[in-house]
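Trainee: I would like a close look at one helix and at what covers it. Please take me through that part and the sheet beside it.

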Amino acid sequence: MQTQNNKVVETPPKLTFFILKNGLKLAILHAKNSRKASVSININKGHYHASAYPEGFAHLLEHMLFNASEHYNETHVLDEHLGDYHGQINAWTQDETTHFQLSCDPSGMMKACEILLDRLNAPLLTLNDIEKEIQAIDAEFKLKINDPVSRLLSVQKAICNQQHPFSRFSTGNATTFSVSSLSNIQRMLRELHSVVMQGKHVCVCLSLPENLLHDNELAELASMFEESFSHKPLKALEERIEKAANTQRPIYKYEQMNAIVHVKQAHHHQLMKSYILHKIDKQGADSLLVLLTHMIESKHLNGLHNVLLTHNYITDLHCYYKSLGNACYELCLSVELSEQGAKHYLQIMQYINDYFAYLRDIGIEKWRFREKAMQFTLQASLNKSAGNEEIALNVSHQMHTLAFNECGKEDSYNTEDAYNLLPQVIKQIKEKQSICYFLSPLAETNSSTDHYQTEFAVFSGHAEPKLEARINTQFALPRQNPFMSGQHALVAQEFPHYHLVHLASNTVNLKFYQDTQFGLASGECYISITDPNMYQTSQQVAVKRVWLACLNEFLAAKFFDAKYASIHFRVYPHHHGVSIHTSGMSERQLLLCIELINAVKLFKASESQMQRHLQKCIARMLSATQQKPFNQLFGELNTRYSENLLSNATILRSLQSLTYADVEACQDQYFAHNYIESLLVGNWSQMAIQRFNQQLNSRFIYKSSVTKPSAKHISVKAGEHIHKTLPSIKEENVIWHYIPQISPSDQTLQLAARSLILEKLLAPISFEVLRQQNKMGYMLGTGYKPIGSYPGIALYIQSPSHEVTQIYAAMKNVVEHGATTLASDHEVLPHLVKELCKQVTPKEKELSQRASRAWLHFEDEQPLSSYRALRDALLATTTDELNICLKMMLDSTRGQTLLTQNTKPVSSLSKHVILAEFY
C-alpha cells in the first residue's frame, strides 16, 4: 500500500512463481503487513473424478486425509499444533477441484506444512478411520436432509443427463458406502489417492509475511512440496478415472430442455427459471451477465420485478449466473411467490418470457455498459482489498488455467466485449433453452429422488397448458443513476480523526468524527429512532415487524440504484424502535439520509402489502421454530435473563392474530414522540454536519420528553436446567450457558474479558473433543455473549446420534481439558490475550469497523476509543480468575443454565428442572 497526495493507492501483491520437477506449480505471495502465514492447495480433481467409485467417494477421501498418516499417526496432532500457533485448517470438495486451506502464526508454518503434507502424501487409510469417517459423513448428510437447497439439487441431479458426472450424489452417506466392504473401500481409496495426489494436478500458493523465510528455508519448503506429490499410478487406472469424469457431454440434453419441473416444498412457493447459454466467450461473459442480472433484479417502475409485484404475484426476485464449464453458462431467475403467484405461475413464466422478448426488441444502450463500468470501478476503489488468504486461495485456483502473469489480478469490467457479446446471449434466452422449477406445497408429483426423498414430476413444454401469446405489458429499463458522481473530493481536515463533535438538543443527540486519514471520500451514518409506540406490547412489536417489511420493500424500489453508486442503506429494527444506516461514498450520502427519513415518516403500509408481508413474517418465524432450534434456544436465554423482553412465541401469537386495523392504528402513532441518536464518521465538514443536524431537528419536532429506555437484566439463577421441548426436530440440541462471575462486585467489562478468553480457550478444544474424538455432531461450537449485552460463555451442539446425557458429559470434558491446558502451559493466557487485544481493537483503516464499534458504545464519553477499556480488562485478567470460572462451570449447583430439547427429564444433570413447553 502506498500513499500519493494523501490518498491511499493499493499496490498489487508481489508473487513469485515456480514449476517444480514433479509438475507442481508453486506461488509465493510476499504479504506486507501480515500477521499470519497461510498455504492454499488446489487440486484439479473433485467429485467428477470419483465417478468410477461409490457416490460421495471424493468427499470420503477428503475426510480421510485428516486422519492418521505415515509419520503422524495421531489424529489430533495437526489440530493441537494449529491451536498452539493460533491457526486453523479447512477443506472442501467441489465438482472439479479439491481445496485445502491452512493458516497459522508464521513461526508454526514450517511444521504445519510438514504435518499437512504427510496427511496428503501418506495417509494410512485404516479400516477403523474409514468406518468413523463414514459415520461422520452420514451424520452430516442427516443434518442436511431437510435443507431446501440440497433437496432441489437432488432433483436437478435426477433430471439432468445421467451420462454427465453432475448427476451423481456427491455428499455420500452410509447407504452409498455400504455397497462395498471396508477393505474394498480401503483399496479404492488408495487407487483414487494415487491418481489425485500427483504434482501435475496440484497448485500451491504460500502467503508469507515479507522477508519471513530465508532462501534456504524457501528451498526446504519447495522440496517438501516436490517430494509429497510424486505418485505415478498405472496409466490404465488414470485413464479409467478420467474417462468416468468426462464433462464433454452436455449437462442437459436437448430433449430435456423446455421442461417444467414440479418439486414438493413444505413451507413456501418459489419459481426458478434457468436458461442454459452455450458457446459464450468468457472474456465478455462476466461483464455482460453482471449487467443483465442487475437489470433483471432492479426494482424500478415498470421493471420485471415491479410488474410482478404490482400483480401481487411475488414477494421477491433474485437473479444470478454461474459457469457450467465448456463455454456454457446458466442464467437463473429465482422468484419468491405469493399465494396468488403460486396459483398463476404459468402467467409469471409468460411475463418473464415477455420481458426478454422486450429486451431483444429494443436492445440495451451502450451508455448502460459505460455506466456499469463506472459503477464497477467505483465499487472496486471503495471495497476492502482481498486479504492475503483470499488472494492465495484465488491464485492457487487460477494457476491451473491462467498464465502466471495473469494470476492475482483483480476483476475489471470490459464494456466493449460485453456490448459485442449481447446479441449472441440475448437471442439464446428463450423458452426452448430453459428449465423451469415450480417449488410449492401445491406441486403435482409422481417421482421421488434417492437419498433426500424429494417428490417431483417433470412435464415437457407441451404437457402443461401452452403459454399464451405475448401479454401487452409496458416494460421499461432503469433510469440513469442519479446517485452516481465523479466528484468524490476530500474535505479539508478540521479536527484530528479522534476528536468528537457533539451536538445535542431536546430531540436529537448527534456525535461526529471527521475522518479523511486514508484518502477515501467515504463515511458511515447511523440514525436511531426510539418510539414508545414500537415496543411496549407484543402487538406493537408484531406491527413493527410487518410495517418494516412493507417499508423496506417500498424503499428498495424508491432508492434501488443507490447501491450501484456505492451508497448502501438499510432500515432495521432495534428493541425500542428502528435504525437507519447508510455507508459508502460520502458526497451524496447525507442527502440520501434525509430522503430516507422523509420517505420513512410519510410511509403508510397498504392492506395488500400488509397481508403479503404478514404471511412472510409468520412463515419466517415458523421456519425458525422448526428448522433453527439454536435460534430458539438462544432466544429463550435472552427472554429469561432480560427484563420485559418478549419471547418469540408471544410475538408469533400476536402476528397470527394481527389485522390491518391494528397496523393502521399503530403506524398512525409513529414519529409523534421520539428520541433520536445519530453517529457520523467520515468525510464530512463541520458545516455539512451542522446542516444535517438542523435538518434532523426540523423533521423530528420536539413535543414532549422521551427518555431512552435501557435494557435491564434479571439476576441469574444458579444451577438451573431449563428443559425445552422441540418436537419438530429429531436431533438432540444442547446449549450450556455460563456467566463467569466470581463476586457480585464484578463489572460488565470484567465479565466480558473472561468470556472472550474462555471462548478462545475452549473453541478448539470443543471441536477436538466433541467432533473429532466423540463424532458427536456437525454443528457445534463455543459462543461469547449469547444473551444480548450480558457477557457469558455458551457451549452448543446439535447431534443426530447422541443423547443429551452423553453430550453434557462430553461438554464437561471440554471444560476439564481447558482447565488442564491453562494449568500446564503458562504461555497460553498471554497468547490468548495478545490475540484478543488485536481482535477487539478495530483496524484503523477500516472505517466501517470503527464506526460500528463506536455506534455500539454511543453512550460512552468517547465512543471511538471505548474498546480500550475492554482491552485493559483483558490485560488485567489473571489465570487464577479463569481457573475459578472453570471450576464453577464444572459445579452444576451454581452459575450455569442448560437448555435441551430432550423430551425426557434429565435428572442426572441438575436437581432444578424447569419444564417449559415450546410453542
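Mentor: Helix α5 covers residues 148–159, 12 residues in all, and spans 17 Å from its first C-alpha to its last, close to the 16 Å expected at 1.5 Å a residue; the expected span is 1.5 Å times one less than the number of residues. Helices (H or I, at least four residues) and strands (E, at least two) are DSSP runs, numbered from the N terminus. The model is predicted: local features need pLDDT of at least 70, side-chain atom pairs count only at pLDDT 80 or more, and totals for chains, interfaces and linings use all residues. Residues are numbered from 1 along each chain as its sequence is written, and side-chain values use heavy atoms, without hydrogens and water.

Among the buried residues of α5 are Leu 152, Val 155 and Ile 159, along with Arg 151 and Lys 157. Buried means under 20% relative accessible area, exposed over 50%, partly exposed in between (1.4 Å probe, protein chains only). The cover over the buried residues of α5 includes β9, β10, β13 and β15 (455–460).

Those strands belong to an open, mixed sheet of 7 strands, ordered β11-β12-β10-β13-β9-β15-β14. β11 (314–325) and β14 (447–448) are at the edges with a single partner strand each, so one side of each has no neighbour in the sheet. Two strands pair if DSSP finds at least two bridges between them.

The loop between β9 and β10 holds Gln 265, which is buried at a relative accessible area of 9%. Beyond its neighbours within four places in sequence, Gln 265 is in contact (heavy atoms within 4.5 Å) with Pro 148, Gln 270, Leu 439, Ser 440 and Pro 441.
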